[in-house]
Amino acid sequence: MEANGYSDPFVKICLKPDMGKKAKNKTQIKKKTLNPEFNEEFSYEIKHAELAKKTLDISVWDYDIGKSNDYIVENRGGCQLGISAKGERLKHWYECLKNKDKKIERWHTLLNENHDTSD
(Lines give C-alpha, C1' and ligand atoms only; values in the text may rest on other atoms or scores of the structure.)
Protein backbone atom coordinates (compact mmCIF):
# COMPACT_ATOMS: atom_id res chain seq x y z
CA MET A 1 0.00 0.00 0.00
CA GLU A 2 1.23 3.45 -0.88
CA ALA A 3 1.09 6.55 1.37
CA ASN A 4 -2.27 7.40 -0.25
CA GLY A 5 -3.74 4.15 1.14
CA TYR A 6 -3.96 2.45 -2.25
CA SER A 7 -1.84 0.37 -4.56
CA ASP A 8 -1.29 0.28 -8.34
CA PRO A 9 -1.27 -3.51 -8.84
CA PHE A 10 -0.50 -5.56 -11.91
CA VAL A 11 0.14 -9.28 -12.46
CA LYS A 12 3.20 -10.92 -13.99
CA ILE A 13 2.85 -14.34 -15.58
CA CYS A 14 5.88 -16.42 -16.52
CA LEU A 15 6.13 -19.96 -17.91
CA LYS A 16 9.27 -21.61 -16.46
CA PRO A 17 11.87 -22.87 -17.08
CA ASP A 18 12.21 -19.59 -18.88
CA MET A 19 11.63 -19.54 -22.63
CA GLY A 20 12.82 -15.96 -23.02
CA LYS A 21 10.50 -13.01 -23.70
CA LYS A 22 7.82 -15.32 -25.14
CA ALA A 23 7.29 -16.79 -21.66
CA LYS A 24 6.56 -13.49 -19.88
CA ASN A 25 3.37 -11.46 -19.80
CA LYS A 26 1.96 -8.62 -17.70
CA THR A 27 -1.54 -7.35 -17.15
CA GLN A 28 -2.52 -3.72 -17.29
CA ILE A 29 -1.89 -1.69 -14.14
CA LYS A 30 -5.01 -1.02 -12.08
CA LYS A 31 -4.55 2.44 -10.56
CA LYS A 32 -5.36 3.28 -6.93
CA THR A 33 -7.07 0.10 -5.76
CA LEU A 34 -6.70 -2.58 -3.11
CA ASN A 35 -9.24 -4.88 -4.85
CA PRO A 36 -8.23 -5.17 -8.51
CA GLU A 37 -9.96 -7.34 -11.08
CA PHE A 38 -7.86 -8.05 -14.14
CA ASN A 39 -9.96 -10.40 -16.30
CA GLU A 40 -7.18 -10.67 -18.89
CA GLU A 41 -6.26 -13.75 -20.88
CA PHE A 42 -2.83 -14.92 -22.05
CA SER A 43 -1.81 -17.88 -24.15
CA TYR A 44 1.44 -19.66 -24.95
CA GLU A 45 2.55 -21.46 -28.09
CA ILE A 46 3.99 -24.67 -26.66
CA LYS A 47 3.83 -28.37 -27.44
CA HIS A 48 1.51 -30.20 -25.08
CA ALA A 49 4.27 -32.70 -24.17
CA GLU A 50 6.54 -29.80 -23.12
CA LEU A 51 3.86 -28.18 -20.96
CA ALA A 52 4.03 -30.99 -18.39
CA LYS A 53 7.64 -29.94 -17.61
CA LYS A 54 6.75 -26.27 -17.08
CA THR A 55 5.54 -24.21 -14.14
CA LEU A 56 3.26 -21.20 -14.50
CA ASP A 57 4.43 -18.51 -12.07
CA ILE A 58 1.82 -15.86 -11.24
CA SER A 59 2.80 -12.88 -9.08
CA VAL A 60 1.17 -9.60 -8.07
CA TRP A 61 3.18 -6.38 -8.06
CA ASP A 62 2.69 -2.74 -7.13
CA TYR A 63 3.71 -0.34 -9.89
CA ASP A 64 5.95 2.53 -8.75
CA ILE A 65 6.87 5.41 -11.08
CA GLY A 66 10.62 6.05 -11.12
CA LYS A 67 11.40 3.23 -8.67
CA SER A 68 11.49 -0.53 -8.86
CA ASN A 69 8.11 -2.22 -8.57
CA ASP A 70 7.24 -3.86 -5.25
CA TYR A 71 6.24 -7.51 -4.91
CA ILE A 72 2.97 -7.60 -3.00
CA VAL A 73 3.50 -9.97 -0.07
CA GLU A 74 1.84 -10.53 3.33
CA ASN A 75 0.43 -13.93 2.33
CA ARG A 76 -1.13 -12.68 -0.90
CA GLY A 77 1.54 -12.17 -3.50
CA GLY A 78 1.37 -15.00 -6.01
CA CYS A 79 0.98 -18.66 -6.86
CA GLN A 80 2.57 -21.33 -8.99
CA LEU A 81 0.85 -24.01 -11.03
CA GLY A 82 2.91 -26.98 -12.14
CA ILE A 83 4.13 -30.47 -11.34
CA SER A 84 5.69 -29.30 -8.04
CA ALA A 85 2.47 -27.61 -6.87
CA LYS A 86 0.39 -29.08 -4.05
CA GLY A 87 -3.31 -29.57 -3.36
CA GLU A 88 -5.78 -27.64 -5.51
CA ARG A 89 -3.02 -26.05 -7.59
CA LEU A 90 -1.68 -29.47 -8.58
CA LYS A 91 -5.21 -30.72 -9.36
CA HIS A 92 -5.74 -27.65 -11.56
CA TRP A 93 -2.45 -28.27 -13.40
CA TYR A 94 -3.31 -31.94 -14.04
CA GLU A 95 -6.77 -30.98 -15.25
CA CYS A 96 -5.23 -28.49 -17.70
CA LEU A 97 -2.82 -31.14 -18.99
CA LYS A 98 -5.62 -33.69 -19.35
CA ASN A 99 -7.93 -31.29 -21.25
CA LYS A 100 -5.58 -29.57 -23.67
CA ASP A 101 -8.22 -27.88 -25.83
CA LYS A 102 -10.41 -26.73 -22.97
CA LYS A 103 -10.27 -23.63 -20.77
CA ILE A 104 -10.02 -24.65 -17.11
CA GLU A 105 -10.68 -21.80 -14.67
CA ARG A 106 -10.05 -21.88 -10.91
CA TRP A 107 -9.61 -19.44 -8.04
CA HIS A 108 -6.38 -19.80 -6.05
CA THR A 109 -5.26 -18.13 -2.84
CA LEU A 110 -2.15 -16.03 -3.36
CA LEU A 111 0.79 -16.91 -1.13
CA ASN A 112 4.17 -15.41 -0.28
CA GLU A 113 6.31 -17.53 -2.63
CA ASN A 114 9.55 -17.01 -4.54
CA HIS A 115 8.94 -15.27 -7.87
CA ASP A 116 10.92 -13.92 -10.78
CA THR A 117 11.85 -10.32 -9.93
CA SER A 118 13.16 -9.41 -13.39
CA ASP A 119 11.05 -7.53 -15.93
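Helices here are DSSP runs of H or I with at least four residues, and strands are E runs of at least two, both numbered from the N terminus. Counted that way, the protein chain of this predicted model has two helices and five strands. Going along the sequence, the elements come in the order β-β-α-β-β-β-α.

As for the chain overall, 34% of its 119 residues count as buried. Its accessible surface comes to about 8400 Å², and carbon and sulfur atoms hold 50% of that. Among contacts with a separation of 6 or more, 60% link residues 24 or more positions apart.

Now to one pair of strands. Strand 3 covers residues 55-62 and pairs with strand 5 in the antiparallel sense, with five bridges between them. One of the residues facing across this pairing is Thr55, which stands opposite Gly82 in strand 5. Strand 5 itself runs over residues 78-82 and is mostly covered, with four of its five residues buried.

Asp57 is buried, yet it has no salt bridge. The nearest side chain of opposite charge belongs to Lys16, and it sits 4.1 Å away. What Asp57 does have is a polar contact, side chain to side chain, with Gln80 at 2.7 Å.

Methods:
Residues are numbered from 1 along each chain as its sequence is written. This is a predicted model: local features need pLDDT of at least 70, side-chain atom pairs count only at pLDDT 80 or more; totals for chains, interfaces and linings use all residues. Side-chain values use heavy atoms; hydrogens and water are left out. Buried means under 20% relative accessible area, exposed over 50%, partly exposed in between (1.4 Å probe, protein chains only). Two strands pair if DSSP finds at least two bridges between them. Lys and Arg count as positive and Asp and Glu as negative; His and the chain ends are not counted. A salt bridge is a side-chain nitrogen of Lys or Arg within 4 Å of a carboxyl oxygen of Asp or Glu. A polar contact is a pair of N or O atoms within 3.5 Å; within protein, one must be able to donate a hydrogen and the other to accept it, and residues adjacent in sequence count only if both atoms are side-chain atoms. Contact means heavy atoms within 4.5 Å. Accessible areas come from the Shrake-Rupley method with a 1.4 Å probe; for residues, only the protein chains shown count as cover.
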